[in-house]
Amino acid sequence: MNALKRLSGFIWIILGLVAIYLMFKQAGAEIAEARAGIRPLLDTQMFWYVIIPIFTPIMLGLCLFGWFAWKGEYDVIARDSEHLT
Amino acid sequence: MTNTATPQQEATPKGLMKVITASSVGTLIEWYDFYIYGAMAVIIAKQFFPQDNPTAAFLAALATFAAGFVVRPFGALVFGRLGDIIGRKYTFLLTLLLMGGSTFAIGLVPGYASIGIWAPISILGLRFIQGLALGGEYGGAATYVAEHAPKGRRGYFTAYIQTTATLGFFLSLGVILLTRKALGVEAFSEWGWRVPFIVSVFLIAISVYIRLKMAESPLFSKIKKEGKVSKNPLKESFAHKSNLKMVLLALFAAVMGQGVVWYTGQFYAQTFIERTLSVEFEQVRYLLCFAILLATPFFLVFGAWSDKIGRKTIMLGGMLLAITTYFPIYKAMYSIADPATKTEVAERSGTHTAIAVTATGDTTRTTTTVRSFTDGSTFKVVKKEVLLADSSKPAPKAETTKTFWLSSSGFWTIMFLVFIQILYVTMVYGPIAAFLVELFPTRIRYTSMSLPYHIGNGIFGGLTPFIATRLFDASKTEANPVGDPYIGLWYPILIAGVCFILGLFYLPNKNDEDVSD
């Protein structure tokens, strides 16, 4: 099980990076459409200006989670404060 | 007021019930304050945002709603730190006062028609304060109750705190319905919507009075006496790898999925029934009230059960059920309120047109089409067109309002389908306070558990109606002007799906009996 936990850590790193890439790609495409008059500009900008700054750090957090998993940090879950701080 | 309790004193059933009541009443009122805004998003949009485009106005209101959620993690940091340094009791007293004050103030802000752009700016500012206060409240209340609860029953006792979010929503719906009934629809839309906000000040006063009488958490008092209080909870929580990895585990393997299941069951369901199905305002609120009332006891059931079989099994079970059944549930709800699938009763259906000429010579043509169906449901479409006297000016866009009145059987079926969704909420949410409390040590518990809770619940969950509604609007094309009504479900399904897999792999199912470390 620990080997699976470690290996899948790689998937979470990739997932975080892919999510960031797709978010920026979609935002760029939609804002370009909005500037061309295909979509409402204000709505489109507002949506992405809210979503990107919020979700980018969270997805980086998912990458960090994957990194910890990859390094075996979740092989054993600490049960007392001595091991936590 | 400054008395401190020992664990032994608070372990008595009477003492414990006092602790639970004091914490729960305050938290319930905070949730009430927070939700009345969301429950009246459409009315608030008309009052505070430019109304040229109704979707823009609605999204603007939802963005404000989202703003309330996005700042919650910051509230978690600010008040979590305070709670770990000065104590739980005074911190969640402060959050209560901030929440009450900002809610009361929302009820007093003049509309866009009176003060222009200052109206939405004021609302946004007050909404931010609400979000900050809520970010500090929940962690304090959950920690406070958990630190009083006896071993082996922590899931059950903290589940009382878990009921408050749903009951706060129920209370907000109830107060809105009562005010609307008492004042009438027109007066409510014009000024009566302010009443539920203003009422909050009395509720907060009662709650502050109750909380002032409570003692500090026994575990916090103990570490304070021993001089073990953290000097820098933020650093200890997030700069130390050993604790940071637990924060990330809590967020991605538990709270993220819980958040989307929670907000889909209660809020996206409401948005879907009201906006996509156009079900009448009061019917929507009544069916939500019934569903919430019936499902709420299950928070305690699943909280208590998690003490026996483990938190993980129940939380992940709820996520799996949600992922696999959302599509059939929403399809069933759609078919109940879909006029295209119903048989019309010709003698009870018809179209009526009324024409009125204004003093300026403009003509308003209102066409009302009523379609009654054999199952007892009714669908009404009102189209309002303005023909300007000055034909050189462009005519304003026609306004169309759709309202669907469910039949009795349709009402109860949709109520049952919402009840099922809230049952999933009770599974994922009931045990989560105990789960988070057990993951972190006393000295930094408030800070460490508050941040993942509010990112998962506030951001992933709170943005669910916003993102799902946008996905639905984006699916409307010239070829398919109705759009795909189910596309919004992909967001909660994907997030809960990833969380389920992470939880399955990484979460331990064994409860931590000792939280005094």
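Buried residues make up 52% of the 517 residues in chain B, a residue being called buried if 20 or more other C-beta atoms, placed from the backbone, lie within 10 Å of its own, exposed if 12 or fewer do, and partly exposed in between. The model is a predicted one, so local features need pLDDT of at least 70 and side-chain atom pairs count only at pLDDT 80 or more, while totals for chains, interfaces and linings use all residues. Residues are numbered from 1 along each chain as its sequence is written, and chains are lettered from A and ligands numbered from 1 in the order in which they are written.

Start with the overall build of chain B. Its secondary structure comes to 22 helices and four strands; helices (H or I, at least four residues) and strands (E, at least two) are DSSP runs, numbered from the N terminus. The radius of gyration of chain B is 24 Å, close to the 24 Å from the globule rule for 517 residues, so chain B is as compact as a globular protein of that length. This radius is taken over C-alpha atoms, and the rule is 2.2 Å times the number of residues to the power 0.38. The C-alpha atoms of chain B fill a box of roughly 80 × 45 × 40 Å along the principal axes. Of the contacts in chain B between residues at least 6 apart in sequence, 81% join residues at least 24 apart, with contact meaning C-beta atoms, placed from the backbone, within 7 Å.

Chain B splits into domain 1 (7-337 + 408-506) and domain 2 (346-405), with bounds from an automatic or database domain assignment. The C-alpha centres of domain 1 and domain 2 of chain B lie 39 Å apart. Where the two touch, nine residues come from domain 1 of chain B and seven residues from domain 2 of chain B. On the domain 1 side, the largest share, three residues, is supplied by helix H18 (residues 408-429) of chain B.

Now the strands. Four of them form an open, antiparallel sheet in chain B, in the order S1-S2-S3-S4. Strands S1 (350-357) and S4 (399-405) of chain B sit at the edges with a single partner strand each, so one side of each has no neighbour in the sheet. Strands S2 (residues 363-372) and S3 (residues 378-387) of chain B run antiparallel and are joined by 10 bridges; for two strands to pair, DSSP must find at least two bridges between them. Ser372(B) stands opposite Thr378(B) in S3(B).

Among the helices, H8 (residues 118-146) of chain B has 29 residues and reaches 43 Å from first C-alpha to last, close to the expected 42 Å. That expected span is 1.5 Å times one less than the number of residues. H8(B) is mostly covered, with 21 of its 29 residues buried. Helix H5 (residues 72-85) of chain B has 14 residues, and 12 of the 14 are buried, so H5(B) is largely enclosed by the rest of the structure. Its buried residues include Leu77(B), Val78(B) and Phe79(B). After H5(B) comes Gly87(B), with a positive phi near 125°.

Chain A is another story. It has two helices and zero strands, and 16% of its 85 residues count as buried. A compact globule of 85 residues would have a radius of gyration near 12 Å, but chain A has 18 Å. The C-alpha atoms of chain A fill a box of roughly 55 × 25 × 15 Å along the principal axes.
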